[in-house]
Amino acid sequence: MPAVALEPSRTVEELEELRELTGDEEGAQRVAWTDTWIRAREWLSGKLEPLGVDEETDEAGNQWFTLAGESEQALLIGGHIDSVPNGGWLDGALNLLAGVEVLRRIAEEGRPPVTVRLVNWADEEGARFGRSLFGSSAVAGSMADQDELRGRRDPDGNPLPDALARHGVDLDGALAARRQLENAAAYLELHIEQGQVLESMDFPLGVVLGTFGVERHQITFRGQAAHAGSTPMDKRRDALAAAAKLALEIREIAKRAGEGAVCTMGSCVTRPGIVTSVVETCTVLLDQRHLDAGKLAAMLADAQEASERFADEEDVSVEWDKVWSIEPILFDDALIELADDAVHEVAGTSHRLPSGPLHDAAEVARAGIPTVMLFVQSLNGLSHTKLEDTRAEHIELSVEALDRLTSKTIAKLS
């Protein structure tokens with residue numbers, strides 16, 4: 001049988017088909033552990049069934065589609081079909097449907113030299129219960145928060161363990177899914193950028209160096225409530241004033257760190273919270289991200305020093321409480337080179353960049369599996385909204401790049 005040609009345009013058509021099946025006028029509605037999510041998974045199974053792949057759902061709810069090769073050594077291609085509520089048509093789904101097209105091409109050419117597996121990770125977004133990367137962290141063995149997860153509930157009050165059980169997943173048994181990585185030799189993932197770097201450079205595709213480390217802290221400034229009408233400006237102990245200075249300073253901290261550093265103050269709560277009183281307490285949430293662990297630590301130290309300086313200036317106190325942190329995850333150097341070659345071949349140019357958002361790929365890399373990601377340009381940098389979009393011709397280029405990267409990686413492994 002002659003080899004079938006890759007048809008990147010088919011990926012665009014199937015993405016549109018999935019949008020019609022699982023979306024509405026507000027956007028994609030494929031929230032994990034819901035009926036719409038199950039409908040999307042069944043639809044995905046139908047696309048792969050003609051290829052004769054073996055399908056399996058593991059203990060964490062991840063779907064695996066395996067095309068057996070001459071060797072048990074496995075190349076993994078991954079993505080997620082779940083979305084946030086009112087989400088975009090490409091986030092997660094592009095990864096999978098590009099992988100389906102690559103599998104079609106490989107299957108038609110006969111038995112590959114290594115086993116190729118497509119994985120649909122369960123609940124990457126964490127949209128319903130607030131726990132992102134559920135399926136991939138179980139497989140990677142990094143899930144260690146079962147006790148906390150037992151108490152998680154969705155906005156309607158449904159416990160997470162009950163929702164999992166309805167889909168055949170036992171929270172305590174989810175870590176048994178680690179067996180899926182026994183023969184894994186490499187992991188590839190394609191994703192929309194969800195930012196504006198590639199668009200600003202007029203590049204359709206890029207290669208991801210790794211995912212940012214994150215430091216997230218709650219900072220509380222404490223001053224003194226006082227009457228807004230009778231307290232002179234130079235006598236005030238205004239907690240909000242100190243927080244406001246920090247909100248501006250974190251921009252400079254990120255600028256000094258460079259290399260894509262970002263700092264965000266995403267929440268601010270004041271008390272007593274009335275216009276007739278000086279702010280006594282101001283609590284803010286600070287998120288800092290960088291690909292370099294040393295620079296991330298320096299950014300945190302700079303923010304702590306600045307908060308103390310501004311607290312002194314405003315005659316208030318300041319307290320820091322750690323909310324969450326994760327170290328930077330760097331992708332595999334050899335695979336980065338292969339990915340860069342693949343992107344150059346199909347697009348003529350390439351750019352290497354870090355990922356601010358976390359991805360399942362980071363969990364796989366954390367487990368010691370050589371990993372790399374490709375990014376395709378996002379229009380206006382928008383994601384997690386119905387306005388999320390990428391040009392059809394860029395989607396097709398991304399499928400071609402993933403296919404070339406897959407071929408190069410198979411050659412390297414075999």
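**Close-up views of a predicted model**

**View 1. A cis proline in the loop between two strands.** Pro272 is found in the loop between β10 and β11. The peptide bond to look for is the one running from Arg271 to Pro272: it is cis, and its omega is near 10°. Most peptide bonds are trans, and that's the background to keep in mind here.

**View 2. The largest pocket.** Staying with β10 and β11, we come to a pocket whose lining takes two or more residues from each of these strands. It is the largest pocket in the model, and its volume comes out at about 1,200 Å³. A total of 45 residues line it, and the ones closest to the centre are Arg289, Trp324, Gly356, Pro357 and Leu358. Besides β10 (262-271) and β11 (281-290), the elements giving two or more residues are β12 (317-326), β14 (352-355) and α11 (360-366). Which element gives the most to this lining? That would be β11, with four residues.

View 3. Three strands, β3 (54-57), β5 (71-79) and β6 (114-120), each put in at least two lining residues. β5 takes the largest share, with three residues. Sorted by class, the lining has three nonpolar, six polar and seven charged residues.

**View 4. Helix α2 against helix α3.** Here α2 (residues 35-48) packs on α3 (residues 93-108) at an angle of about 15°, and the two axes are 10 Å apart. The angle is under 35 degrees, so α2 counts as roughly parallel to α3. The crossing itself is right-handed. On the α2 side, look for Trp43, Leu44, Lys47 and Leu48; they meet Leu96, Leu97, Val100, Leu103 and Arg104 of α3. Seven residues of this contact are nonpolar and two are charged, with no polar ones.

**View 5. Helix α8 against helix α9.** Another helix pair, with another right-handed crossing, this time of α8 past α9. Helix α8 (residues 239-257) and helix α9 (residues 293-313) pack with axes 9 Å apart, at an angle of about 150°. Why is this pair called roughly antiparallel? Because the angle is over 145 degrees, α8 is classed as roughly antiparallel to α9. From α8, the contact draws on Ala242, Lys245, Leu246, Glu249, Ile253, Arg256 and Ala257. From α9 come Lys295, Met299, Asp302, Ala303, Ala306, Ser307, Arg309, Phe310, Ala311 and Glu313. By class, that contact has nine nonpolar residues, one polar and seven charged.

View 6. Most residues other than glycine have a negative phi. To find Trp33, follow the loop between β2 (27-28) and α2.

Notes. Residues are numbered from 1 along each chain as its sequence is written. This is a predicted model: local features need pLDDT of at least 70, side-chain atom pairs count only at pLDDT 80 or more; totals for chains, interfaces and linings use all residues. Side-chain values use heavy atoms; hydrogens and water are left out. Axes are lines fitted to C-alpha atoms, for helices over the stretch in contact, and angles run from 0 to 180 degrees between N-to-C directions. Angles under 35 degrees count as roughly parallel, over 145 as roughly antiparallel, 65 to 115 as roughly perpendicular and the rest as oblique. A crossing is left-handed if the near helix is turned anticlockwise from the far one by less than a right angle, and right-handed if clockwise. Contact means heavy atoms within 4.5 Å. Ala, Val, Leu, Ile, Met, Phe, Trp, Tyr, Cys and Pro count as nonpolar, Asp, Glu, Lys and Arg as charged, and the others, Gly among them, as polar. On a 1 Å grid over the protein atoms alone, a cavity is a set of points where a 1.4 Å probe fits but cannot get out, and a pocket is an open set with protein on both sides within 12 Å along at least five of seven lines; lining residues have an atom within 4 Å of a point. Grid points are joined across faces, edges and corners, and a volume is the space filled by probe spheres set on the points.
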